[in-house]
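Colleague: Could you take me slowly through one part of this model, the helix at the centre of its main core, and explain what surrounds it? I am new to reading structures, so please connect each step to the one before.

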Amino acid sequence: MRFSSAMSGMWHILKKLSQMPKLLQTLAHYSGQVCNYSRIGGHIDLDQKSIARYIDVLEHMFLVKRIPVFANNRLKRLVKTPKIHFIDSGLLAALRDMSISKAKEVRNSFGSILETFVYGELLKHTTNAEGDYRLFYYRDHDQ
């Protein structure tokens, strides 16, 4: 029984697989921002549940990662909206069609790619470091 329900869930993901390139392009523009599934889905005509499932798949493929918000209360940490980041800044730059000349022209686009690079490096260090290190993002009332 469980196998068939898992297969049915997987079939749901696979039958809309053609949306994956559009989703990656869209996520490239949301990298480093708070993950709003409905807004992301609105760009590619997918509902927020499908977007969340696709992002789960992309996380398992080590392409993106959701970063939880820093909060003293673990319940708040679970409830608050995570940020989404690409793990590889080179992939992010390619998806955004970023070149050196574009980076010089549009500095804020380069800033988010640089942030992704730093995040990727920190993530590598947390996996190899002794101790239990986790990455969070902090946001106050003024955003």
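This is a predicted model: local features need pLDDT of at least 70, side-chain atom pairs count only at pLDDT 80 or more; totals for chains, interfaces and linings use all residues.

Modeller: Leu-23 belongs to the largest nonpolar core, which has 23 residues, and it is one of the members that touch the most others, together with Leu-27, Ile-40, Ile-51, Ile-55, Leu-58 and Phe-86. At least two residues of this core come from each of α2 (20–30), α3 (37–44), α4 (48–60), β3 (83–86) and α6 (89–95), and the element that gives the most is α2, with six residues. Apart from this core lies another one, of five residues, including Ile-67, Val-69, Leu-123 and Tyr-137. As background, nonpolar side chains in soluble globular proteins tend to be buried together.

Turning to α2 itself, its buried residues are Met-20, Leu-23, Leu-24, Thr-26, Leu-27, Ala-28 and Tyr-30, and the elements that cover them include β1 (33–34), α3, α4, β3 and α6. After α2 comes Gly-32, which has a positive phi, near 90°.

Where they meet, α2 contributes Lys-22, Leu-23, Thr-26, Leu-27 and Tyr-30, while α3 contributes Arg-39, Ile-40, His-43 and Ile-44. Sorted by class, this contact has five nonpolar residues, two polar ones and two charged ones.

Finally, α3 also holds Tyr-37, which counts as partly exposed because its relative accessibility is 22%, and the cut-off for a buried residue is under 20%. If we set aside its neighbours within four places in sequence, Tyr-37 is in contact with Gln-48, Ile-51, Ala-52, Ile-55 and Arg-66. Tyr-37 and Ile-51 are 14 residues apart in sequence, and their C-alpha atoms are 6.0 Å apart in space.

Terms used. Residues are numbered from 1 along each chain as its sequence is written. Side-chain values use heavy atoms; hydrogens and water are left out. A nonpolar core is a set of buried Ala, Val, Leu, Ile, Met, Phe, Trp, Tyr and Cys residues joined through side-chain atoms within 4.5 Å. Buried means under 20% relative accessible area, exposed over 50%, partly exposed in between (1.4 Å probe, protein chains only). Helices (H or I, at least four residues) and strands (E, at least two) are DSSP runs, numbered from the N terminus. Contact means heavy atoms within 4.5 Å. Ala, Val, Leu, Ile, Met, Phe, Trp, Tyr, Cys and Pro count as nonpolar, Asp, Glu, Lys and Arg as charged, and the others, Gly among them, as polar.
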